[in-house]
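Hello,

Here is the structure we talked about.

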Amino acid sequence: MNSLGFGIERLGLAPLRSPWAVTLFIALLTAVCAVGLPKLVAHGSLSELFRSGTPDYLEYQKLSAQFPTSEFDILLVLQAEDLSDRSRLEAARDLQLELQLMDVVAGVLSPFSIRQAPDDIGNTALLFPPELPEGDALREVIDGAFNHPLIGGKLLSISEQENDFLLMIVALDPEQARTLDQGNIIDEIRELAGEITGPVGVVHRLAGAPIMQREIRDAVNRDRVVYNVAGFFIGFVVCLLFFRRLSLVFIASLCPIFAVVWSLGILGLLDQRLTIFLNVIPPLVMVIAYTDAMHMVYTIRRQIQLGQDKKSAIRHVVHTVGPACVLTSLTTAIAMLSLSVAESALIKTFAYSAALSTLFAFLSVILIVPLGTLVLMGDEDRFLEKEQLRNRIMERLVAICARLAQWLEPRAVVLTLVSIAIVSGLTLAHLKLQPGYRLSDQVPDNRESIETGLAIDKRLSGSFPIHIMITWDTPRKLSDPKVMEAIGEAHAVLERGDRIGNVWSLHTLQQWLSKHEGQPSSESVLSYFEKLPASLQRKFVSKDETSALVSGRLPDLDARETRPIIRQLEIELENSRTRFPQIQFTVTGLVPVSAVQSDRMIGQLNTGLIGAYFVVIVVIGIAFRSYAAALFSLFPNLFPVVAAGALLYVSGQRLEYASVMALTVAFGLAVDDTIHFLNRLSLESNERNIIGDAVKKTISHIGPVLLLTTIVLVLGLSITVSSALPPMRIFGQLFMTTLSAALLADVLILPAIVLVFDYLGVRMRGRNRFDS
């Protein structure tokens with residue numbers, strides 16, 4: 001056996017032997033997968049990207065288990081020209097009461113939930129009394145609230161130049177929030193805020209992780225519809241323009257339809273969630289299935305034009321093009337699987353899902369194209385009668401490719417040298433790319449959560465939480481002076497942190513009470529603390545009182561800006577760890593986890609891409625049983641990747657998760673053209689002919705199909721550029737760049753390299769057309 005596809009392509013002969021059995025198999029597989037389609041629902045968790053077994057994430061999980069996680073905090077902002085107006089304050093307080101009555105709300109933190117300092121007998125009244133006073137008395141209440149350490153600059157901002165700004169933190173019950181539709185919860189909160197505060201001229205806006213996740217889910221659902229409809233439509237139109245025969249178009253178009261149904265259905269049955277990255281799979285599967293189907297349909301049509309009957313044409317395409325389809329599916333799957341080197345569970349899931357979907361795309365093509373040809377093509381003589389009038393576009397493309405091949409041969413050496421110089425320059429630019437990431441990169445542009453978050457950054461020193469978690473042994477109590485001292489040190493460290501604002505902890509209360517009581521004891525601090533709402537208590541101390549939290553806020557920063565802040569905090573905390581050896585200090589939160597892990601994971605993805613490149617080159621050499629084939633593939637497959645990387649560098653962009661993933665996926669698709677070219681070259685080559693003639697025949701034969709499939713790939717994946725999600729737009733931009741560069745590489749650089757190596761006496765072994 002000397003098949004590029006290791007004999008797997010013989011599956012394509014099954015429709016010739018048992019068409020009804022194949023039809024039944026396709027029907028059963030489709031029915032099973034259709035059951036899984038409704039189970040595939042959108043998922044927009046911000047922390048899912050970083051879910052892994054790393055120490056950073058495990059500490060974040062510990063934080064989430066012991067304290068109310070910010071992933072379930074809705075930030076409700078109220079703005080008005082003058083919030084000190086009595087009617088507006090009453091409306092805001094009424095809103096808080098209504099929110100607290102919602103079953104799904106665990107608690108609401110706002111100026112209306114904070115209490116005054118204890119009086120002489122230890123009573124702590126609410127800062128805002130049940131019956132709000134008027135005039136100077138109300139102004140005194142507001143001034144007292146603004147000077148409270150938990151309110152001024154944290155929950156309330158008053159400015160003569162801008163509207164007054166009040167923040168309510170609505171903490172959702174995690175268990176209910178996970179099971180109920182968060183979209184409905186958000187809509188109910190929005191409706192309540194509008195009904196209660198709108199009539200008195202107060203504007204409300206929402207931010208926080210639940211809002212960001214809802215915006216992501218909405219965008220994912222919208223993209224899913226657009227990608228499926230537009231991707232199929234683009235492929236259908238391109239096929240129609242160039243095949244100009246509905247029967248051929250239907251044959252090619254059935255493959256992506258079944259491939260998408262099978263892929264998404266299986267993912268649904270496996271209980272996967274449709275994330276930002278998994279949303280790429282439908283257009284990805286469509287273009288893979290379309291391109292391989294076009295290669296096969298084009299060859300079948302060509303063989304019928306040469307006088308073969310349908311069955312002979314099917315056998316021919318299975319033996320000649322089928323092996324290349326097997327190999328392209330294998331190399332694409334290898335590229336997808338290389339993403340699994342990342343620690344992120346989300347990226348691993350995408351890697352396995354994309355690899356599995358690639359195999360479904362191959363299965364759809366290798367079975368449906370032969371079966372569709374038998375059923376839909378009709379009589380060969382009638383087909384040929386009309387074909388002469390419909391083949392003009394392809395004839396022109398073949399003529400253009402023939403002229404290109406004629407032009408290329410005498411310039412092969414020059415083209416090769418120029419290509420080496422260009423690839424070297426692009427590689428240098430690519431290597432200068434710096435990794436970067438920020439949480440807001442996952443959220444659709446110009447959405448409410450981003451705009452509101454920026455307003456919070458400006459008025460209240462940041463909307464992204466960062467924490468120092470202090471943990472002590474069970475015998476030690478919260479009232480232990482050492483514990484309170486440790487909390488105070490951690491508080492001071494976080495307050496000194498660059499760009500960190502809005503810091504609060506038990507130490508905040510201790511400082512405030514000291515203004516009223518001199519030096520308050522731990523007992524008096526805890527006495528005041530115990531009178532706070534339970535939801536607010538949990539912001540400071542865990543329910544079992546074995547850990548405490550010092551919390552601050554950061555603005556929306558790039559990971560490169562956040563990491564030095566975290567490093568400095570860790571350096572300063574070393575002194576505290578030395579002073580209190582029985583107490584643990586951990587810098588944690590979603591922002592620190594994302595900042596620390598992003599750099600490491602982007603590096604892992606880059607390593608995976610490099611590994612995939614060399615593995616694919618080796619697989620090509622093994623499949624063709626020729627070291628020359630591997631050598632020929634080196635530069636043409638490096639060129640598109642470094643070209644896209646250089647574009648990122650020149651345009652001032654960073655190397656993000658989406659960038660590396662897009663480059664890896666695009667590389668997996670780009671290498672397909674190289675394989676189809678080398679496959680045709682091996683069929684055109686033998687010991688007796690001149691390699692120049694084989695190259696010309698290969699370019700004339702394969703060039704038009706490479707052009708058509710590249711158009712389908714570029715246009716089909718370009719629809720991701722229309723996404724409101726930044727990662728999807730990056731996917732689209734890099735797909736278009738990489739695949740366009742791959743076409744240039746395979747019709748210019750690859751043929752030139754083959755000719756130059758021939759001058760040096762290095763040739764790829766020829767292969768019999770029915771060598772299987």
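Five of the six residues of β9 are buried, so β9 is largely enclosed by the rest of the structure. Buried here means under 20% relative accessible area; exposed is over 50%, and partly exposed lies in between (1.4 Å probe, protein chains only). Helices (H or I, at least four residues) and strands (E, at least two) are DSSP runs, numbered from the N terminus.

Before the rest, the ground rules. This is a predicted model, in which local features need pLDDT of at least 70 and side-chain atom pairs count only at pLDDT 80 or more, while totals for chains, interfaces and linings use all residues. Residues are numbered from 1 along each chain as its sequence is written, and side-chain values use heavy atoms, with hydrogens and water left out.

The sheet. It is open and has four strands, in the order β7-β8-β6-β9, with antiparallel pairing. Strands pair if DSSP finds at least two bridges between them. β7 (501-504) and β9 are the edge strands, each pairing on one side only. From one strand to the next, the twist averages 15°. Its axes are lines fitted to C-alpha atoms (for helices, over the stretch in contact), and angles run from 0 to 180 degrees between N-to-C directions.

β6 has two pairings to look at. With β8, the antiparallel pairing runs over eight bridges; I470 has A548 in β8 as its bridge partner. With β9, the antiparallel pairing covers six bridges. There, H467 stands opposite T588 in β9.

L58 belongs to helix α3 (residues 55-66). L58 is partly exposed, at a relative accessible area of 43%.

Now helix α22 (residues 559-579). Its 21 residues reach 30 Å from first C-alpha to last, close to the 30 Å expected at 1.5 Å a residue. The expected span is 1.5 Å times one less than the number of residues. α22 has a kink of about 30°, centred on L573. The bend is the angle between axes fitted to the seven residues ending at a residue and the seven starting there.

L573 is among the buried residues of α22, as are I565, I566 and L569. The buried residues of this helix pack against β6 (464-472), α18 (481-496), β8 (547-554), β9 (583-588) and α23 (590-623). Contact means heavy atoms within 4.5 Å.

Best wishes
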